[in-house]
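Let's take a walk through this structure together.

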Amino acid sequence: MNYRYDVIIAGAGPAGTQCARDLAERGYDVVVLETEVEDEFPAQSNKSTGGTFASMMTSFGIPDDVVMHATDSVVLESPNNYLVQDQPGFVLEFAEFKEFLIEDSRNKGAEYRFDARVRDPIVKDGDVVGVRYNGDEEIYAEIIIDATGPAAPLAKSLGVVNLERTNHAIGIEYQFEGINLNHPEYADLTNAMMLGLDHEYAPGGYSWIFHTGEDTAKVGVCFIQNERYREHTTQDRTVDGYLEHWLDTDPRFENAKRVPDTQVRGSAHIQPPGSMSTTSFMAIGDTVPSIDPVWGEGVYKCMKSARAAAMTVDRCLTGSVDTSTRAMAVYDDLWHEQVASRQERRLMMTKLLYLAPNERYDQLMRDLNEVSGDSLSAINNGSIREIAKLFSPSDLPLLWKYWRET
């Protein structure tokens, strides 16, 4: 068994496997360490709704084989209003998506070691040179990448990335059948991905319905366990309790039945990431805190961070090897330019959304229904001019609350 590689990647999620895929295609000797047993993968780590758009599918060559259902629109719902935007999308069968990334990267030459629990980095003379796993097993490489998600054992040990984790978002999802996707009181969710803003069901967060074909859909809720959650919560409910409350009170679920073995649980931390690299090391994917859970399209961000990491490896290991802190910081630059540009504005919009009361969500839907498609795209891309058009003098208390908490 080989003990020295060009790159070691911890974690076989979308970020880790896509990074291995890119690196193997470029001829690098790469190994991926994954905690789960291969025969059961990805039972424990299947943590995403898998909603994405054509840009991700095209950029990363994702086949239609892993698509559960193609959608035509995105719907935003408030308690008493909604917005429908034409936007082709794809709801992925997430386990099959992850299996494809592994198979394709293996075909390109990447090695995988399952049942390999990463313990800590091996540091020599202040530089990261390898990884310990499963107690006393050791392997070495020029560059180490942590793609383990919020667990982040390597990033935590090295003090890389801001891991204070002050805004902890938790979510739960199931697939249901028997849903009335075209109920007369709501938007038509046939062939749609819906995000809902309503503190009754997701205090300081959001809910979703992603159509997966016929009368089935992925249904879930997510919220951040911070002071905003505590302000809006009216019952001592867990995230499971809020999902059950939604199912019990929304008429679209009157005849819905849970599809067995479809539970998905996930978590993220909503904050600017800080530094993401040091000498011979990078943190990618969900190991890096999120900045915008509503607008983030997390799968795409994981994939883009993987590609940015692969580009950094290529630059550091081509010609004269340079894995210094300065050379590795190219990844941070690429992340801010290509993965999460304008992060301050996007985080601002996310915080303002969660601060707003339900009545303001209804007004937001009315305002968005009056803007053009170009304006809405500009808002999603963080245009200050277009964002400012959504505010009125009545929003001064909301803005004051935001600035006071920033």
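R119 is partly exposed, with a relative accessible area of 43% (partly exposed sits between buried, under 20%, and exposed, over 50%, using a 1.4 Å probe and protein chains only). Its side chain meets that of D120 in a salt bridge, 3.2 Å from N to O; the term stands for a side-chain nitrogen of Lys or Arg within 4 Å of a carboxyl oxygen of Asp or Glu. Before going on, keep in mind that this is a predicted model, where local features need pLDDT of at least 70 and side-chain atom pairs count only at pLDDT 80 or more, while totals for chains, interfaces and linings use all residues. Residues are numbered from 1 along each chain as its sequence is written, and side-chain values use heavy atoms, with hydrogens and water left out.

Now for D120 itself: this residue is buried, at 18% relative accessible area. D120 sits in strand β7 (residues 118-124) and R132 in strand β8 (residues 127-133), so their pairing ties together parts that are 12 residues apart in sequence. That D120 to R132 contact is a salt bridge too, at 3.2 Å from N to O. R132 is partly exposed, with 24%. Through shared partners, salt bridges link R119, D120, R132 and E138 into one network. Strands here are DSSP runs of E with at least two residues, helices are runs of H or I with at least four, and both are numbered from the N terminus.

How many salt bridges does the whole structure hold? There are 14. Another one of them joins E38 and R106, whose closest N and O atoms are 2.8 Å apart. E38 belongs to the loop between β2 (30-33) and β3 (51-53), and R106 to helix α3 (residues 94-107), so this pair ties together parts that are 68 residues apart in sequence. E38 is partly exposed at 39%, and R106 is partly exposed at 33%.

Time to zoom out. The protein has 14 helices and 17 strands, and its C-alpha trace spans about 60 × 45 × 40 Å along the principal axes. Buried residues account for 55% of the 406 in the protein. Look also at contacts (heavy atoms within 4.5 Å): of those between residues at least 6 apart in sequence, 71% join residues at least 24 apart.
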